[in-house]
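Reader: I'd like to go through this one with you. Can we start with how the chains meet and then look at some residues?

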Protein chains: 2
Amino acid sequence: MSATVHRLTPTGRVKDPSLDPMMTLVAEDMAAVNAVIVDRMQSRIPLIPELAGHLISGGGKRLRPMLTLASGQLLGYHGTRHHLLAAAVEFIHTATLLHDDVVDGSDLRRGKRTANIIWGNPASVLVGDFLFSRSFELMVEADSLAALKILSNASAVIAEGEVNQLTAVRRVDLHEDRYLDIIGAKTAALFAAACRIAAVVADRPQAEELALDAYGRNLGIAFQLVDDAIDYVSDASTMGKDAGDDFREGKMTLPVILAYARGDEAARGFWRDAVSGRRATDADFAHAVELVRSSRAVEDTMARARHYGQRAIESLSGFADGAAKDAMVEAVEFAVARAY
Amino acid sequence: MSATVHRLTPTGRVKDPSLDPMMTLVAEDMAAVNAVIVDRMQSRIPLIPELAGHLISGGGKRLRPMLTLASGQLLGYHGTRHHLLAAAVEFIHTATLLHDDVVDGSDLRRGKRTANIIWGNPASVLVGDFLFSRSFELMVEADSLAALKILSNASAVIAEGEVNQLTAVRRVDLHEDRYLDIIGAKTAALFAAACRIAAVVADRPQAEELALDAYGRNLGIAFQLVDDAIDYVSDASTMGKDAGDDFREGKMTLPVILAYARGDEAARGFWRDAVSGRRATDADFAHAVELVRSSRAVEDTMARARHYGQRAIESLSGFADGAAKDAMVEAVEFAVARAY
């Protein structure tokens, strides 16, 4: 094990960080995982593969299973047991997206109409349940109770985080700590588990399990912070989700928490109205973007993201240098550079 | 093992069959299971135990975990590993109910307002997801990959059955075979798994596993047939669910399938209109009840239920006579006698 600590490239100096190195690194493994995914989303009930395929074939990056595979490479694991687990991770994620879109009443994801808009809420709920069940069938096949423990716990934490977020919606006084708690659960828990299970399957010491858990968790938090910042960047129309969705749903994300805390009386009054749902026009959203910009709330959300990104990178310091580590570092740089 | 085959008591001769013998049989085990259920529905997010408790403390019979425990007694198993699994079975069932009520837009269950009416669809979806995840955490703790395999498969089959039912709704030409396929999946699969896992935990030969699976599966089908008949029995107001719910939702259950098949042109026209949603008043429902009654569709649905009930009882023939077997036979008699 080497002890190289990579540093996050200061903003603006990095030249187009991307997921390409990670995709190249795991290409062969990912082909096997994709085959599992396509095979196991089938059902004799035609609506299931039709609806699931809409999302699964819908241009997602498959970042979470990619992390399982990259972690396996980092550990020099050359087996295939993590293929089933990586597919299970993607199914958990897909089930969560289907239910999220029902919960949020979303109509657009990755630039396409959401499944709940096309097939209705009932179908989205039930196909989500199917994929969730199927993910546990895959875990059972992978034959590791330790991995099952990690992923079943992550699933419960995700659901808890989603309920926590639901009860925090339209509460302008939400504290940053609770926000971090929510994104740690609803997003970062699955990133952490996705990485950690590679060490379990590869039968590595607990220290490496925990290091990979920390990498995934910090990357997940950074990823969600950037996602939440993007909703308040004015050219978000290119992001494939509706700009201003969080705003119109009254979701208290960090840009809003910071802009509210830093606002004058007029700004705070605006946020109170907006978060409670009384200001939801395009002009209101434009005003919100302006308040977020002028209070430097996006910059500071991004600074927080870089903080967690740096921690993710440092979690890898104990692992040997090489292509896998380089790809995992660049994935962090990619995650925190997305808004620029 | 004895070879006594019990016969279902002919309708009307049995004197008040009940679940009491089974409840008495498993009382001690059930106290332990209830403690697990109450302990594991807790969460630091207050809405979770609040919403879950509404349903879990809401007067349900806990029939499914009771079947796991009774099956354990039948096998002479005196351990406690099936307590965690029985709680997991109840959590799967509760999660399914929460999602079902969202899917059906139900407003009443067991005589109480449904969770989706009180807390909204998003909370019901997410707390269902939490209970589902928690059920898998319990299974992992029970430390049996074989039981996990049975229950994860049952969960996928349930979700498949629910989607199948969703795509069959408002289709007046639904065939009885597809209806049986649907209830076999959405209801009977969990009954079967609940019984079967007792044999797994007790480490019994596969023949006993399969016999218990058959008992649960046939009981589950009988149970659902009776449930579907009850919706068309005119004094259903005492049942704690809205009489006519299935009718108004356009659900093709066996009483409707039979009444439609046996109807004259006027009756068939009525059913086509009703199933497609164009006749949903109280007067329409009263007419539907009359058509079901005059075509003997309820009697024949109940006769089908007795057929499956008899098969459930025969599945027990290889097990030793005694209090456990008597209680499991009487549970079948109770299930098929409910409508009278």
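This is a predicted model: local features need pLDDT of at least 70, side-chain atom pairs count only at pLDDT 80 or more; totals for chains, interfaces and linings use all residues.

Reader: How many residues of chain B are in contact with chain A?

Author: 35 residues of chain B are in contact, and they meet 35 residues of chain A. Between them the two chains bury about 3,500 Å², with 74% of that on carbon and sulfur atoms. On the chain B side, L126(B), L145(B) and E160(B) lose the most area to chain A, together 18% of what that side buries.

Reader: And how many salt bridges across the interface?

Author: Two salt bridges are found across the interface of chain B and chain A. R44(B) and D181(A) meet through their side chains in a salt bridge, at 2.9 Å from N to O. Residue pairs in polar contact between the two chains number 10.

Reader: Which elements of chain B touch chain A?

Author: Those giving two or more residues are helix 3 (47–56), helix 5 (81–104), helix 7 (121–142) and helix 8 (145–168) of chain B. Helix 8 of chain B gives the most, with 14 residues. By type, the residues on that side divide into 19 nonpolar, eight polar and eight charged.

Reader: Change of topic. Is helix 12 of chain B mostly covered or mostly open?

Author: Mostly covered: seven of the nine residues in helix 12 (residues 254–262) of chain B are buried. Those buried residues are L254(B), P255(B), V256(B), I257(B), L258(B), A259(B) and Y260(B). They pack against several helices of chain B, among them helix 9 (176–201) and helix 10 (206–230).

Reader: What about T253(B), where is that found?

Author: T253(B) sits in the loop between helix 11 (245–249) and helix 12 of chain B. At 4% relative accessibility, T253(B) is buried. Leaving aside neighbours within four places in sequence, T253(B) is in contact with Y179(B), D228(B), Y232(B) and D246(B).

Reader: How many disulfides over all chains?

Author: Zero disulfides are found in the whole structure. As for cysteines, C195(A) is buried at a relative accessible area of 0%, and C195(B) is buried at 0% as well.

Reader: Back to salt bridges. What's the count over all chains?

Author: The count comes to 42 salt bridges over all chains. In chain B, the side chains of E137(B) and R134(B) meet in one, at 2.9 Å from N to O.

Reader: Why are E137(B) and R134(B) about one helical turn apart?

Author: Because they are three residues apart in helix 7 of chain B. Both E137(B) and R134(B) are buried. Over in chain A, salt bridges that share partners join R196(A), E209(A), D213(A) and R217(A) into one network.

Reader: What does E208(A) form a salt bridge with?

Author: R204(A), with the closest N and O atoms 3.3 Å apart. E208(A) is buried at 8% relative accessibility, whereas R204(A) is partly exposed at 31%.

Conventions
Residues are numbered from 1 along each chain as its sequence is written. Chains are lettered from A and ligands numbered from 1 in the order in which they are written. Side-chain values use heavy atoms; hydrogens and water are left out. Contact means heavy atoms within 4.5 Å. Buried area is the accessible area (1.4 Å probe) that two parts lose on being put together, summed over both. A salt bridge is a side-chain nitrogen of Lys or Arg within 4 Å of a carboxyl oxygen of Asp or Glu. A polar contact is a pair of N or O atoms within 3.5 Å; within protein, one must be able to donate a hydrogen and the other to accept it, and residues adjacent in sequence count only if both atoms are side-chain atoms. Helices (H or I, at least four residues) and strands (E, at least two) are DSSP runs, numbered from the N terminus. Ala, Val, Leu, Ile, Met, Phe, Trp, Tyr, Cys and Pro count as nonpolar, Asp, Glu, Lys and Arg as charged, and the others, Gly among them, as polar. Buried means under 20% relative accessible area, exposed over 50%, partly exposed in between (1.4 Å probe, protein chains only). A disulfide is a pair of cysteine sulfur atoms within 2.5 Å.
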